[in-house]
Amino acid sequence: MKAVFLDRGSFPKNINIELPTHISDVVEYDKTRPDQVAERIKEANIVLTNKAIVSAEAINGASKLQLVQVMATGTNNVDKEACASHGITVQNVADYSTISVPEHTFAMLLALRRNLTSYINDVKLGKWADSKHFCFLDYPIQDLSGTTMVIIGGGTLGKRVADIAQAFGMKTIFADRKGAATIRAGYVDFQEALKAADVISINCPLTDETKNLISDAEFSLMKSSCLLLNISRGGIVDEHALVNAIKNSSISGAAFDVATQEPMPLNHPLQALAKQPNFLLTPHIAWASNEAMQTLVNIAMDKIATFIDKTK
């Protein structure tokens with residue numbers, strides 16, 4: 001069997017990726033552009049992709065293809081209808097970052113709540129050496145204990161975030177679906193939850209229903225002291241509305257690990273926003289602890305091995 005990994009370069013070299021022994025021919029590409037995919041997979045039995053796009057055109061030309069293994073949770077980079085029409089299996093990997101993503105969430109939250117970035121930058125500029133006292137208190141420092149965190153998304157990640165929040169002494173609320181006619185047990189009305197929040201953590205997938213879930217109307221409901229965290233998917237928050245909310249002090253600050261366009265061009269609206277101390281931006285790395293990446297790969301290899309065993 002032949003396997004082709006379209007974007008092996010999206011994983012560091014220290015992450016061990018050892019395909020099942022039944023695969024005798026393995027071709028790895030650091031990166032693959034959309035116009036290169038068809039040629040590269042036309043003889044493949046198995047294709048591995050993290051973010052490389054596998055289109056219907058490429059699938060139609062790959063007569064030997066049996067399996068597309070997505071090396072991530074989201075499968076929106078694969079034309080699943082085309083795969084189904086050719087009897088090609090599409091597999092993803094879930095629940096590999098249930099430690100990494102929540103830890104990143106709280107790293108960002110603590111940095112905002114305690115103004116760590118501003119203090120660290122000022123120390124580097126020599127302001128501590130010039131201080132008249134043993135410390136300087138130029139920026140407010142606030143605890144998490146006693147505050148209310150609203151979590152959008154009640155899946156594995158959302159529940160893990162809630163567990164950590166409660167360990168910090170925070171009250172946690174799960175927001176029900178926007179516009180829900182009836183409120184599920186254990187949830188709070190979406191709009192009422194936004195009004196109550198000191199911190200909002202987005203932990204839901206990007207779907208047609210969650211696209212621009214947070215926009216101008218939602219920002220108008222939030223406390224001016226509220227912090228918004230999106231460590232989930234770009235597009236759930238209307239980025240232009242976010243820029244306005246930060247500039248107009250409708251909320252106190254925000255931290256994002258995702259964007260609608262990745263990698264993010266220099267003219268993206270969030271790039272300018274990232275220059276402000278109350279907005280933190282990281283380059284979609286919440287999932288990427290060494291442990292999480294190795295777990296992801298191990299799960300994927302097991303799933304490929306199981307697929308091969310079933311098709312023998």
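Student: Which residue in β4 is the bridge partner of Thr49?

Tutor: Val70 in β4 is the bridge partner of Thr49. Before going on: this is a predicted model, in which local features need pLDDT of at least 70 and side-chain atom pairs count only at pLDDT 80 or more, while totals for chains, interfaces and linings use all residues. Residues are numbered from 1 along each chain as its sequence is written, and side-chain values use heavy atoms, with hydrogens and water left out.

Student: OK. How many bridges do β3 and β4 pair over?

Tutor: β3 and β4 pair over 4 bridges, in the parallel sense. Strands here are DSSP runs of E with at least two residues, helices are runs of H or I with at least four, and both are numbered from the N terminus. Two strands count as paired if DSSP finds at least two bridges between them.

Student: And how many bridges join β4 to β5?

Tutor: β4 and β5 run parallel and are joined by 3 bridges. Gln69 stands opposite Gln91 in β5.

Student: Which way do the β4 side chains point?

Tutor: Leu67 and Gln69 point one way from β4, and Val68 and Val70 point the other way. All four are buried. Buried means under 20% relative accessible area, exposed means over 50%, and partly exposed is in between, using a 1.4 Å probe and protein chains only.

Student: In what order do the strands of the sheet come?

Tutor: The order is β2-β1-β3-β4-β5, an open sheet of 5 strands with parallel pairing. Its edge strands are β2 (25-28) and β5 (89-91), and each of these pairs on one side only. On average, neighbouring strands of this sheet are turned by 15 degrees against each other, direction ignored.

Student: What about the β1 end, how many bridges there?

Tutor: β1 (residues 2-5) pairs with β2 over 4 bridges, again in the parallel sense. Val26 in β2 is the bridge partner of Ala3.

Student: Which strands does helix α11 lie across?

Tutor: Helix α11 (residues 290-311) lies across β3 (46-49), β4 (67-70) and β5, and runs at about 165 degrees to β4. Axes are lines fitted to C-alpha atoms, for helices over the stretch in contact, and angles run from 0 to 180 degrees between N-to-C directions. Contact means heavy atoms within 4.5 Å.

Student: Switching topic. How is the chain divided into domains?

Tutor: Domain 1 takes in 2-94 + 290-311, and domain 2 takes in 99-281. Those bounds come from an automatic or database domain assignment. The C-alpha centres of the two domains lie 34 Å apart.

Student: Next, α4. Is α4 largely enclosed or exposed, and why?

Tutor: Helix α4 is largely enclosed by the rest of the structure, because 11 of its 14 residues are buried. The buried ones include His104, Phe106 and Arg113.

Student: What should its length be, and what is it in the model?

Tutor: At 1.5 Å a residue, the 14 residues of α4 (residues 100-113) should span 20 Å, and its end C-alpha atoms are 20 Å apart, which agrees. The expected span is 1.5 Å times one less than the number of residues.

Student: What follows α4?

Tutor: Asn115 follows α4, and its phi is positive, near 55 degrees.

Student: Now Arg184. Where is it?

Tutor: Arg184 is in the loop between β7 (171-175) and α7 (190-196). Its relative accessibility is 31%, so Arg184 counts as partly exposed. Leaving aside neighbours within four places in sequence, Arg184 is in contact with Asp176 and Arg177. Arg184 and Asn230 are 46 residues apart in sequence and 23 Å apart in space, C-alpha to C-alpha.

Student: What does UniProt place at residues 106-286?

Tutor: An unreviewed UniProt entry places "domain: D-isomer specific 2-hydroxyacid dehydrogenase NAD-binding" there. UniProt positions are given in the numbering used here, feature names are shortened, and annotations may be inferred rather than shown by experiment. Over residues 106-286 the chain is 31% helix and 14% strand.

Student: Last one: how many helices and strands are in the chain?

Tutor: The chain has 11 helices and 11 strands. Of its 312 residues, 46% are buried.
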